[in-house]
Every structure is written in C-alpha cells, then in structure tokens.
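User: I am new to reading protein models. Could you take me through this one with a few questions and answers?

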Amino acid sequence: MSNSRFSTIAFFLGSSALSLIFLARSVLAEELPKLQNLDLFKLNGFLSQGYIKTNKNNFFGHSNDSGSLDFREIGLTASLRPSPKLQLSGQLLHRRAGEGSNGGIHIDFGFLDYNFANTPAAEIGIRLGRMKNPFGFYNDTRDVPFTRPSILLPQSIYFDRTRNLALASDGIQVYGESRADWGNITVQFGAAFPQVDGHDTEISVLRSLQHRGDLKTKLSYIGRILYEQADGKLRLAISGAQANVGYSPGYNDTLLNGSFRFSPLILSAQYNAERWSITSEYALRHLAWKDFGNHAAFQQSFTGESFYLQGVYRFYPNWEAVLRYDLLFTNRKDRSGKKFSASTGYLYPAHNYYAKDITVGLRWNITPAIMLSTEYHRINGTAWLSPLDNPDMSHTGKNWNLFAVQASYRF
C-alpha cells in the first residue's frame, strides 16, 4: 500500500470518527444527559482570546505596532464510547495566530481507540486516525489553554513557527501502561504521516515560499516512555521521533526530488509539590537536507540544542506564578550563530540562530471555567521567530520584549 493511500485511509478513519461523534450528538440529543451520566458520551469545548505586544519584531501578527489581537483559539472536543473497549475521540479547532495559523476550521485530531486489555495492573491498546504526537510533557494537550503552564509554551522545544509538523499526524499508534505501587510506566509508539500542508512548514523546510514544487508527507515514527510516581510528585520522560518530508519539484524547478529529516530527542523531568512545581526539558534536534541538487543550503545537516527550566508557584488559592529560562541554539556547534551568519555573506545576523528567553507570568483561575493569564518575556535572539510574520529576517531586533494577555473559557 502506498504512503499516500495509507495516510488517506488514516485520515478518513479519523474524520469518520469525528463525524460519527457529532452525528450521535444530534441524533441522541434528548438522551445526552443519560449518556453523559453513563460516561458514554462527552462534549467539551474551549475558547480564548489573546493580545500580544512587542517592542521589536512581530509575533502572532503585527505585534510591533499597536499590538496584535491575532491570537485566538476555539475548540470543540467530543468522545463516544459505544463499547467498553472502543472509544472514538475528535476535536475541531479554529486557531488564529498570525500568518502561520490564519484561521479556518480543521480537524485537530480524530481517531479510533481500541483497548485490548485494561486491568488495575496494566492497559494495552491501539489507535488509528489523526493523533497528537506524543513528545515532551505538553505537545499532546498544547491546544487547550488550561493545560499550558503559560500563555506561550517554551519555544525552544514547542515551536509555534513549525506547529503543524510537530502537532499531529495520520497513522497508527500502539500504547501500553503498567501500574504498580512504585509508579506507572506509559509507552507509546506510532508510525504515521506528518502534516506538511502549510506555509509554516514550507518556509521552515525550503527557506522560502517561492519554490515551484510541493512538500509531500512520508512515513515517520515517534515514541515516548513516561514514568510517573503513584502520587504524581515525580514525572520522567524520554521522547524521540523521525519526521520525514519529501519534495516533489514543479515545472522548471531549480530543486530536485529531495528529502528532509527532522529527528528530535527530548528528555523531560518534573517534580510536583503541594504549592510548587519544577519542570525541565532538554532536546537535541537533528536536521538534514538531502538530494535537492547543487544548492549549498540544501546540502547540510546539523544538530540543534534546546533547554528550559521552569518553576510554577501556587501562592494563593486560584493564583499561580511562573518563572522560566528558555534557551535555543539552531546549531549546538555554532551557539553564537556567527558561522551561520558568515555562510550567508552576513546577510542574516548571528542572532537569528539563537534565542535566550526569560519569562515571568501570572495566572488567575477566576472560576474552574474562566482563566486570565498575563506574561512578560525578555528575549535575546530571534531563532524562534516566524519568517511569515517577519518577512525580512535580516533586519530583526536582537534584544526585544514581548508582553501577552489571554482570557480563556472552557465548558
């Protein structure tokens, strides 16, 4: 079976799962309270509106002017359990976040989950459709504002500029969990086709939107092993992936049938006390371009490095503060970015290839359903800025500030 055919089947099954859920919602509207009581059907949603202001550069829209309101998230999530072993889950999402996510409604995820075995000691199952990629602590739930420790996740690992490629994929995933007094171990492994149909992915892989050809999805792999103490105090995880993307040249194209490979490895650790939490993640990100032809920019490979240390303090009921230091190097062997800059004839400044971010934030859970958050970033470097919001990356500001406010509601 061809890659494209398998991807189409997986997406169709995921779409069908979502369609069946909402069909059941309309057909069984009168019985919905009974179904919810029986935990057979669940319907949830969220919406948020954010405001971003920067003193230099643009993030999520034209934030360097009077600020940007182009940061909006609206989601509708549903799950249906027709039998104890089978569950259908899906989410529709509208997201506006500058030029990288310019609105519309799409299937964020939609999959069938079949549970082969579920006992107090262990669980084994399989999922098929469009699923969130299991890497790090936050990627699975990053769309829901209430699950994030801050308005913006650490950009060194959870890039918003390449969000579509990292967020979800169409394919198959197997999972298992072992439960014991000393803790729980969860293992997930998937073979799937990543989402490459977006300008954010195109400009990240091809460095430009001017090429005549198209990116094509290829079979990729991802996995995560997560350990959690029974009381939830200590969590440890290791995540790895190999995302494969191909290129199909167009008419009179200067590029050939090339391929791009992104292989991140992430180590995660978290400690939770009653009133505070400490979280840290470290990542190595290997990137390689191959067979694009006689172009220096497409004949290279290098390994990037990411790290953050984050503290959350719940200092008063319904109030919490966050402090984070976030570090990103495009190439761990060129942390200053000077070699990269020299290779472009100094067209792009060295600070385009690293970013150091200090974040201070405050969150107020007004009610269980309403949340108000604010945060300030002091940033040195522009490595995680999107070229879509900043078309002239050669004139970005090295030291800049970012202020964000977000109001969120869930049901």
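Analyst: N57 is buried, because its relative accessibility is 8% and buried means under 20% relative accessible area, exposed over 50%, partly exposed in between (1.4 Å probe, protein chains only). This is a predicted model: local features need pLDDT of at least 70, side-chain atom pairs count only at pLDDT 80 or more, and totals for chains, interfaces and linings use all residues. Residues are numbered from 1 along each chain as its sequence is written, and side-chain values use heavy atoms, with hydrogens and water left out.

User: Where is the place of N57?

Analyst: Helices (H or I, at least four residues) and strands (E, at least two) are DSSP runs, numbered from the N terminus. N57 is not a glycine, yet its phi is positive, near 65°. Its place is the loop between β1 (41-54) and β2 (68-83).

User: Does Y346 count as buried or exposed?

Analyst: Y346 lies in the loop between α5 (338-343) and β15 (354-367). Its phi is also positive, about 60°, although Y346 is not a glycine. Its relative accessibility is 64%, so Y346 counts as exposed.

User: How do the residues of the lining of the second largest pocket divide?

Analyst: Ala, Val, Leu, Ile, Met, Phe, Trp, Tyr, Cys and Pro count as nonpolar, Asp, Glu, Lys and Arg as charged, and the others, Gly among them, as polar. On that basis, the lining of the second largest pocket divides into nine nonpolar, 13 polar and twelve charged residues.
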